[in-house]
Amino acid sequence: MLIDTHAHLQWPSFDSDRTEVIARAAMKNIMVIVNVGYDLAACRQAIGIAEQHEGVVAAVGIHPHNANTFTDGTLRALRNLAKESKVVAVGEIGLDFYRNLSPNDHQMEAFDRQLALAEDLSLPVVIHQRDAAQETLKVLQGFSGKRTLMHCWSGGLDTASSYVKLGCMISLAGPVTFPNARRLHEVAKNIPISSLVLETDSPWLAPQPYRGRRNEPSFLVSIADAVAELRGVDAQAISDVTTENAKRFDQATHGNKWAEKRSFHFCFVGLWNLTTSVPFFCRYISTAKTTRATTRQYAATLVRARAWVRFSFSAISLWCSSFSRVYLVFNVE
Ligand SMILES: [Zn+2]
């Protein structure tokens with residue numbers, strides 16, 4: 001099983017055959033595709049597609065190219081979108097000083113505010129960085145939410161290692177399959193395998209042998225094969241490890257099982273306390289009716305206190321059980 005950690009299935013070039021593209025990916029054992037947003041419209045489309053297809057989840061964020069459109073309203077809209085059940089990350093966000101389609105200070109502000117949003121909602125982040133490796137690293141050093149994925153890595157090994165030290169995942173895309181991409185080959189060979197994940201960045205950057213064509217998630221197999229060959233291991237090993245890494249990044253599978261158990265636990269504790277508090281209340285009422293002596297009054301107060309403790313505990317537990325469901329993000333297995 002493989003996870004494509006970055007694709008843009010909302011792109012118009014998929015309009016005519018989106019369902020077939022997702023089916024082809026599933027046939028190649030790509031069971032999860034993270035469909036990533038870059039402006040508000042693309043985020044809404046990403047969620048829409050994720051809702052229609054079981055194996056697709058979404059990330060919501062404003063790309064640095066679109067940072068000049070970022071306002072308070074954008075942040076509010078993103079916050080609401082990020083709460084949708086199929087949203088697993090904030091992204092793609094970051095800095096792009098190569099194309100500079102938005103002024104640097106706008107990029108910086110949009111990046112900071114979206115990182116704060118991710119931190120606030122305990123969501124991982126998907127980072128786009130181009131010609132801004134040091135600036136991005138500096139910003140991330142101040143980011144306390146540590147689940148960070150560097151999408152479509154294009155830098156050298158030294159820079160990649162600095163990000164790995166910070167706890168970031170390095171995501172390799174199609175270019176790692178190009179014969180002349182020596183710098184990327186070094187990264188693929190040498191970064192710790194526990195920090196490696198894979199993506200297609202569809203519809204762009206199709207890997208060898210599809211280079212120049214529209215990219216799609218099923219081509220992830222070629223990327224996994226190339227990385228396996230560079231590291232001298234078999235393709236299955238790369239699939240297993242990168243999939244585990246991606247799950248760890250998304251926290252979804254682990255979070256799922258744990259949250260499900262926790263949800264049942266809270267629900268059980270809540271209902272049990274609720275039912276057991278009823279006899280205590282009844283006893284209090286009957287004791288209060290017949291009470292005469294001081295000891296009886298004392299006993300009645302005690303019973304009443306126990307009943308209230310149980311009753312509030314049951315209310316808290318039931319509230320927690322519904323809250324835990326927020327973590328039931330998506331089912332990988
Ligand atoms: Zn992208």
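Modeller: Let us begin with contacts: residues 24 or more positions apart account for 70% of the contacts in the protein with a separation of 6 or more, where two residues are in contact if their C-beta atoms, placed from the backbone, lie within 7 Å. This is a predicted model, in which local features need pLDDT of at least 70, side-chain atom pairs count only at pLDDT 80 or more, and totals for chains, interfaces and linings use all residues. Residues are numbered from 1 along each chain as its sequence is written.

Colleague: What pLDDT does the protein average?

Modeller: The average is 87, and 88% of the residues score at least 70; pLDDT is the predictor's confidence in each residue, from 0 to 100. Over residues 252-259 the pLDDT stays under 50, and the model has 17 contacts beyond four places in sequence for them. Residues 323-333 also have a pLDDT below 50, with 26 contacts in the model beyond near neighbours in sequence.

Colleague: How many helices and strands are there in the protein?

Modeller: There are 11 helices and eight strands. Helices (H or I, at least four residues) and strands (E, at least two) are DSSP runs, numbered from the N terminus.

Colleague: Why is strand S4 called largely enclosed by the rest of the structure?

Modeller: A residue is buried if 20 or more other C-beta atoms lie within 10 Å of its own, exposed if 12 or fewer, and partly exposed in between, with C-beta atoms placed from the backbone. In S4 (residues 87-96), 10 of the 10 residues are buried, so this strand is largely enclosed. Of the 333 residues of the protein, 40% count as buried.

Colleague: What makes S3 and S4 a pair?

Modeller: Two strands pair if DSSP finds at least two bridges between them. S3 (residues 56-60) and S4 have three bridges, in the parallel sense, and Ala59 has Ala89 of S4 as its bridge partner. S4 is also joined to S5 (residues 125-130) by five bridges, again running parallel; there Gly94 is partnered by His128. From S4 the chain passes through helix H4 (residues 104-120) to S5 in a right-handed β-α-β crossover. Right-handed here means that, with the strands pointing away from the viewer, the path from the first strand over the helix to the second runs clockwise.

Colleague: Which residues of S3 point one way, and which the other?

Modeller: Val56, Ala58 and Val60 point one way, Val57 and Ala59 the other, and all are buried. In a regular strand the side chains alternate between the two faces of the sheet.

Colleague: How do you know that the buried residues of helix H6 lie on the same side?

Modeller: In H6 (residues 157-165), Thr159, Ala160 and Tyr163 are buried. They cover an arc of only 100° around the axis, which puts them on the same side of H6; the arc is that of the directions from the helix axis to the C-beta atoms. The face turned away from this buried side carries the exposed residues Asp158 and Lys165.
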